[in-house]
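Come along while I look things up, one entry at a time.

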Amino acid sequence: MSTLLIQNGHVIDPANDIDAPNDILVRDGKIVQIGKGLSVDADDVIDAAGLVVCPGLIDIQVHVREPGREDKETIETASMAALAGGVTSIVAMPNSAPAADNQTVIEFVIKRAREVNLVNVYPTGAITSGQKGDSLAEINEMKRSGAIAITDDGVDVQNEVVLRRAMEYAKTCDILLMSHCEVDNLTDSGVMHEGWVSTQLGLPGTPAVSEDLAVQKNIMLAQMTGARLHLLHNSTKGAVSAIKAAKAAGANNITAEVSVQHFALTDEECFGYNTNAKMYPPLRSRDHVDAIVEAIKDDVIDAFTTDHAPHIEPDKLEPFKHAAFGSIGLETSFAVMNSYLVKAGHISLSKGISKMTNGPAAVARLDKGSLSVGADADITIFDPDENWTVDAKQSFSKGKNCVFDGKELTGKVHYTIVDGHVRFKQGDIIR
Ligand SMILES: [Zn+2]
């Protein structure tokens, strides 16, 4: 029996309404006691004085690139990046090569994650075969193999009949369907948000209505079919107002997330043809960002994610029009949330942590995200006031394409604990 005592920290556990100084005792990978001034002889002790102790962060939208694009990222490097960001559980998107549209790929991801043994990795399966949007993938088989959701993320299912059938089938199998919302005909060749900045740069833009319409379509089909629908990376005024209306009308089968860059940054990051600011959905104009922040304050949003999307350098050295979409984010997401929402005075630290712990756990029905006695000891310990400057070259991720590169953030992860094992300590991965 191995024991770990975390002493003198300020514990924030939104699932249990805890926001106070406390000690935590871990034994054999489980939380066994939480309280003030625990006096126990433990094998290991962490002095968390001046630090915040919270449940391990959960990121339900991560592109791990394995199998198939191990040059961009692997389950191992994504796991290391996660640990450095205080993230103990990741949900892997199925747009690998080949796409995870059958049980063999799902089983491979689970097996690799077990071999790597750093963070919890939950695979998702594709909605349609090859993510081509035509025929349904082996949804039930993938669920039985361990897929926790289905999604064609990276693209959206354009055909409404296929989407309806997918939702009906997802409802029958009781599996979550995650939608990347976009109308391809409206997006067309757009490479950034359509607006004043795209005009200045002379780049083809994507109108916000491309996302708005797709979100509406997904919500309406979810209301009709009763499927559990999760809306990925919302970025527009129209998207969050549609979600707010649906929730107000009692649609408790619908959940929604925001990727942290979409409440933090605007399309002005694209100035200078900065390809690290090229992503999908695109960084939006200030009015959209403000609407996203309001939706977060109103609890319209259930979870924050990264949409961690690593690329090799040549993919981002292209002219803006041709560069790859996406930014890495696992190592910065907590600090971005802390800097742009908590320190900016929009929400409390407890609420921000909730959107990265019990919030996403509820969306994906993971038995994670709390510090309850008996729970798996997935714990993150951070300094909420420490300033640091992002240096993407130092990232554990294979991708160095970070839209926050060079920015100063507040909030630094000191320890990341998974299943009672300290896996990250003051900058180092521990195996
Ligand atoms: Zn997406």
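**Before going on**

I remind myself that this is a predicted model, where local features need pLDDT of at least 70, side-chain atom pairs count only at pLDDT 80 or more, and totals for chains, interfaces and linings use all residues. Residues are numbered from 1 along each chain as its sequence is written, and side-chain values use heavy atoms, with hydrogens and water left out.

**Entry: around E269**

I listed the contacts of E269 (contact means heavy atoms within 4.5 Å). Leaving aside neighbours within four places in sequence, E269 touches N274, A277, L283 and K407. With K407, the side chain of E269 makes a polar contact of 3.1 Å. A polar contact is a pair of N or O atoms within 3.5 Å; within protein, one must be able to donate a hydrogen and the other to accept it, and residues adjacent in sequence count only if both atoms are side-chain atoms. I also checked E269 against I110: they are 159 residues apart in sequence and 37 Å apart in space, C-alpha to C-alpha.

**Entry: two domains**

I looked up the division of the chain, whose bounds come from an automatic or database domain assignment. Domain 1 takes in 3–53 + 377–385 + 409–429, and domain 2 is 56–364. Their C-alpha centres lie 29 Å apart. I noted 22 residues of domain 1 in contact with 28 residues of domain 2.

Together the domains bury about 1,900 Å², 67% of it on carbon and sulfur atoms. Buried area is the accessible area (1.4 Å probe) that two parts lose on being put together, summed over both. On the domain 1 side, P14, L409 and I429 lose the most area to domain 2, together 27% of what that side buries.

Which residue forms a salt bridge with D385? I found K343, with the closest N and O atoms 2.5 Å apart. A salt bridge is a side-chain nitrogen of Lys or Arg within 4 Å of a carboxyl oxygen of Asp or Glu. Between the two domains the count is one salt bridge, and eight residue pairs are in polar contact there (both at pLDDT 80 or more).

**Entry: the zinc ion**

Which protein donors does the zinc ion have? I read off D153 (OD), H180 (ND1) and H233 (NE2), lying 1.9 to 2.2 Å from the ion. Donors are N, O and S atoms within 2.8 Å of the metal (3.2 Å for Na, K and Ca); water is not among the atoms, so sites may look incomplete. Along the chain the donors follow the spacing D-x26-H-x52-H. D153 lies in the loop between β9 (149–151) and α4 (160–173), and H233 in the loop between β13 (229–231) and α8 (237–248), so the pair ties together parts that are 80 residues apart in sequence.

**Entry: backbone details**

Most residues other than glycine have a negative phi, and most peptide bonds are trans. I marked the peptide bond from E66 to P67 as cis, with omega near 10°, and the one from A97 to P98 as cis too, with omega near 5°. P67 sits in the loop between β6 (57–62) and α1 (75–84). D17, not a glycine, has a positive phi of about 60°, and D17 is in the loop between β1 (3–13) and β2 (18–27).

Terms used. Helix = DSSP H or I, 4+ residues; strand = E, 2+ residues; numbered from the N terminus.
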